[in-house]
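Morning, everyone. Please look at the screen while I take you through one protein.

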Amino acid sequence: QVQLVESGGGLVQPGGSLRLSCAASGNFFSIYSMGWYRQAPGKQRELVASILSGGRTNYADSVKGRFTISRDNAKNTVYLQMNSLKPEDTAVYYCNAPVETLARAVINVWGQGTQVTVSS
């Protein structure tokens, strides 16, 4: 069974920073892309940032220049450095990864979510 375990959320003041981590565990063949999504109350879940195994990144327009996604392939871990946080960044942040299992099937795996609250 493959799991994604997130950490690093919390309460921060506007303009502050947080770093989220997400580690994949279990037995699997490979992970090609990893990403972060977020869902605010009353809103749909949206993509924040994603990164391919080769390092190519993609960001939502609302976080460009403030957030940085990175990845440690050896540790099967993805990070999200969030700077200049705004109240509108408040949401539950979810890690996501399409994982190729040992049976060579691809399953879409989600983490449990971590709360990020930006407030003074």
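**The disulfide and the fold around it**

Start with the link of C22 and C95: it is left-handed, with -80 degrees about the S-S bond. C22 lies in strand β3 (residues 18-25) and C95 in strand β10 (residues 91-100), so the pair ties together parts that are 73 residues apart in sequence. Their sulfur atoms sit 2.1 Å apart. A disulfide here means a pair of cysteine sulfur atoms within 2.5 Å. Searching the whole structure gives one disulfide.

A word on sources. This is a predicted model, where local features need pLDDT of at least 70, side-chain atom pairs count only at pLDDT 80 or more, and totals for chains, interfaces and linings use all residues. Residues are numbered from 1 along each chain as its sequence is written, and side-chain values use heavy atoms, with hydrogens and water left out.

Now, how many helices and strands does the protein have? Zero helices and twelve strands. Both are DSSP runs, numbered from the N terminus: helices are H or I with at least four residues, strands are E with at least two.

Are C22 and C95 buried or exposed? Both are buried. Buried means under 20% relative accessible area, exposed over 50%, partly exposed in between, using a 1.4 Å probe and protein chains only. Of the 120 residues in the protein, 42% are buried.

Next, contacts, meaning heavy atoms within 4.5 Å. Take those with a separation of 6 or more: 54% are between residues 24 or more positions apart.

Last, the box. The C-alpha atoms fill roughly 50 × 25 × 20 Å, along the principal axes.
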